[in-house]
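Here are a few friendly notes to read alongside the model. Please have the structure open as you go through them.

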Amino acid sequence: KWGRTEVTPTARLNQYLYDNDDRTAQYRYRGDLTARTQFGAWTNTFSYGKQESHGFTPFRFDTTYPYENISESLQYRTDRLESYLTVGRDLRNERWSDLTWRAQARVTKAFSTEHALAYDLNVGDWRDLVSRFVYDDGHATAFKLGTRYDLEGARMRNVSTELYWVPSTQWKVQWLGGYDATNRKTLYNEFLVTRDLHCWDVSAHYSYQNKSLYLYFRLKALDLPLPQFGVGRGGQVLSTGGL
């Protein structure tokens, strides 16, 4: 440690031996250096890493590749706000990583928002602005809105929503919605409404992507699974977190 700065160097050497006629072997060495400086709510982190590998391995699972890169990260963190600004460079291939900004803010106890934006330093293009707005009262209502906005084309790419609502002890409503703003078409629209009938419950499940409507009666004592709500035709998870 030097004042506010903490420096952490690490080194590693791996040697692999294979018992065969060719006597093939592989070894690699790796070194990392991290310098972290803390000043108030700000933290600056500089990292350098290099790895070299030599020899041959007959397997894929332990194949290693050489690299050399540096990265810089500036973090600001308080009880309500957390923000990152990061950039890096691949020294071996002489390419920059994206200049990336991420922020998470808790506006109120129930409302929070997240944003991510990146700039491609190699070609000079902006990446999409990805945003997520969350309202969750921790009891009866949770709503998520996700957006992806194309800064280069000045247009919205897609919007997704997720709702969980318990209007009473007998009713529960869930909804997932996804809209492709570029092609102006609905990607998914799904509802699951459940009614408590004491020993039973009944659920109505509507799926736009599957073009289906089902009615389920379930005996609570058997604890049978509910319909596959939030799963697309290809098995993918439909949610605002997948933007």
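The points below go from the overall fold to the charged side chains.

1. A first reminder: this is a predicted model. The chain is built on strands, 16 of them, with zero helices. Its radius of gyration is 25 Å, well over the 18 Å that the globule rule gives for 243 residues, so the chain is more spread out than a compact globule.

2. For the overall dimensions, the C-alpha atoms fill a box of roughly 65 × 55 × 40 Å along the principal axes. Of the 243 residues, 27% count as buried. Among contacts with a separation of 6 or more, 30% are between residues 24 or more positions apart.

3. The accessible surface of the chain is about 16200 Å², and carbon and sulfur atoms hold 54% of that area.

4. Side chains of opposite charge can pair when their charged atoms come close. How many salt bridges does a search of the whole structure find? The search gives 13, and the next points look at some of these pairs.

5. Arg127 and Asp98 form a salt bridge through their side chains, with an N to O distance of 2.9 Å. This pair links distant parts of the chain, 29 residues apart: Arg127 is in the loop between strand S9 (125-126) and strand S10 (129-136), while Asp98 is in the loop between strand S6 (95-96) and strand S7 (99-106). Arg127 is partly exposed at 38% relative accessibility, and Asp98 is partly exposed at 22%.

6. Another salt bridge joins the side chains of Glu114 and Arg132, at 3.7 Å from N to O. Glu114 sits in strand S8 (residues 111-120) and Arg132 in strand S10, so this pair ties together parts that are 18 residues apart in sequence. Glu114 counts as partly exposed, with 31% relative accessibility.

7. Is Asp150 buried or exposed? Asp150 has a relative accessible area of 5%, so this residue is buried. The side chain of Asp150 meets that of Arg157 in a salt bridge of 3.4 Å, N to O. Arg157, at 28% relative accessibility, is partly exposed.

8. Which residues are linked with Asp150 and Arg157 in a network of salt bridges? The network also takes in Asp128, Arg148 and Arg155.

Terms used: Residues are numbered from 1 along each chain as its sequence is written. This is a predicted model: local features need pLDDT of at least 70, side-chain atom pairs count only at pLDDT 80 or more; totals for chains, interfaces and linings use all residues. Side-chain values use heavy atoms; hydrogens and water are left out. Helices (H or I, at least four residues) and strands (E, at least two) are DSSP runs, numbered from the N terminus. The radius of gyration is taken over C-alpha atoms; the globule rule is 2.2 Å times the number of residues to the power 0.38. Buried means under 20% relative accessible area, exposed over 50%, partly exposed in between (1.4 Å probe, protein chains only). Contact means heavy atoms within 4.5 Å. Accessible areas come from the Shrake-Rupley method with a 1.4 Å probe; for residues, only the protein chains shown count as cover. A salt bridge is a side-chain nitrogen of Lys or Arg within 4 Å of a carboxyl oxygen of Asp or Glu.
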